[in-house]
Amino acid sequence: QAQLEESGGGLVQAGGSLRLSCAASGRTFSSYGMGWFRQAPGKERNFVAGISWSGGNTAYADSVKGRFTISRDNAKNTVYLQMNSLKPEDTALYYCAGTSRFRGQNVVPRNDQNYDYWGQGTQVTVSS
């Protein structure tokens, strides 16, 4: 069973950048598909970006495509979300999630129901 811990959130001005990190415990991290989700106050949790176990497949929400980049370092058991050109509407609590359901497949699920492991979240606030 994996445990996930996010870091790197904070307050940034519009147009700025942040890099979120998600450190995972467990020896099987390299076989997990990983994703980032976010939830703004009063809104549902939404998919932001995901990466397959091998890193060979990535997916992004339309709202962040071209601005955010997801990557992973399996040697460090860490997944990253580089966020550039941030906008006030990116303000949310960002969650890291992992799934072991698609081992060996280059699948990036967008539905949060497909993820079994979740971090506590890290707050990102973008001021205008």
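The legends below describe close-up views of a predicted model.

The model is predicted, so that local features need pLDDT of at least 70 and side-chain atom pairs count only at pLDDT 80 or more, whereas totals for chains, interfaces and linings use all residues. Residues are numbered from 1 along each chain as its sequence is written, and side-chain values use heavy atoms, with hydrogens and water left out.

**View 1**
Strand 3 covers residues 18-24; strands are DSSP runs of E of at least two residues, numbered from the N terminus. Five of the seven residues of strand 3 are buried, so this strand is largely enclosed by the rest of the structure. Here buried means under 20% relative accessible area, exposed means over 50%, and partly exposed lies in between, all with a 1.4 Å probe and protein chains only. Strand 1 (residues 4-7) pairs with strand 3 in the antiparallel sense over four bridges, where pairing requires that DSSP finds at least two bridges between two strands. Strand 3 also pairs with strand 8, again antiparallel, over six bridges. In strand 8, Val-79 is the bridge partner of Cys-22.

**View 2. The surroundings of Ser-21.**
Ser-21 belongs to strand 3 and is the bridge partner of Ser-7. With a relative accessible area of 17%, Ser-21 is buried. Neighbours within four places in sequence set aside, Ser-21 is in contact with Glu-5, Glu-6, Ser-7, Trp-36, Thr-78, Val-79 and Tyr-80; contact means heavy atoms within 4.5 Å.

**View 3. The largest nonpolar core.**
In soluble globular proteins, nonpolar side chains tend to be buried together. A nonpolar core is a set of buried Ala, Val, Leu, Ile, Met, Phe, Trp, Tyr and Cys residues joined through side-chain atoms within 4.5 Å. The largest such core holds 30 residues, of which Met-34, Trp-36, Leu-81, Met-83 and Tyr-94 touch the most other members. At least two residues of this core come from each of strand 3, strand 4, strand 5, strand 7 (68-73), strand 8 (78-83), strand 9 (92-99) and strand 11 (122-127). Strand 3 supplies the largest share, four residues. Another core, of six residues, lies apart from the largest one and includes Phe-47, Ala-59, Val-108 and Tyr-115.

**View 4. The contacts of Met-83.**
Which residues does Met-83 contact, leaving aside its neighbours within four places in sequence? They are Gly-16, Ser-17, Leu-18, Leu-20, Arg-67, Phe-68, Tyr-94 and Val-124. Among these, Tyr-94 is, like Met-83, one of the core residues that touch the most other members.

**View 5. Strand 9 and the strands beside it.**
Strand 9 is mostly covered, with seven of its eight residues buried. Strand 4 pairs with strand 9 in the antiparallel sense over seven bridges, and Ala-97 in strand 9 is the bridge partner of Gly-35. Ala-97 also has a bridge partner in strand 10, namely Trp-118. Strand 10 (residues 117-118) runs antiparallel to strand 9, and two bridges join them. Three bridges link strand 9 with strand 11, also in the antiparallel sense; here Leu-93 stands opposite Gln-123.

**View 6. The largest pocket.**
The volume of the largest pocket is about 170 Å³. On a 1 Å grid over the protein atoms alone, a pocket is an open set of points with protein on both sides within 12 Å along at least five of seven lines, and lining residues have an atom within 4 Å of a point. Grid points are joined across faces, edges and corners, and the volume is the space filled by probe spheres set on the points. The lining consists of 13 residues, of which Arg-38, Ala-40, Lys-43, Asn-46 and Glu-89 are the closest to the pocket centre. Strand 4 (33-39) and strand 5 (46-51) each provide at least two lining residues, and strand 5 gives the most, with three.

**View 7. Ser-127 in strand 11.**
Ser-127 is located in strand 11 and, at 27% relative accessibility, counts as partly exposed. Beyond its neighbours within four places in sequence, Ser-127 is in contact with Leu-11, Val-12, Gln-13 and Ala-14.

**View 8. Two loop residues with positive phi.**
Asn-77, in the loop between strand 7 and strand 8, has a phi near 55°, a positive value in a residue other than glycine. Ser-85 lies in the loop between strand 8 and strand 9, and its phi, near 50°, is likewise positive. At 41% relative accessibility, Ser-85 counts as partly exposed.

Conventions: 1 Å grid on protein atoms, 1.4 Å probe; cavity = no way out; pocket = protein on both sides within 12 Å on 5 of 7 lines; lining within 4 Å.
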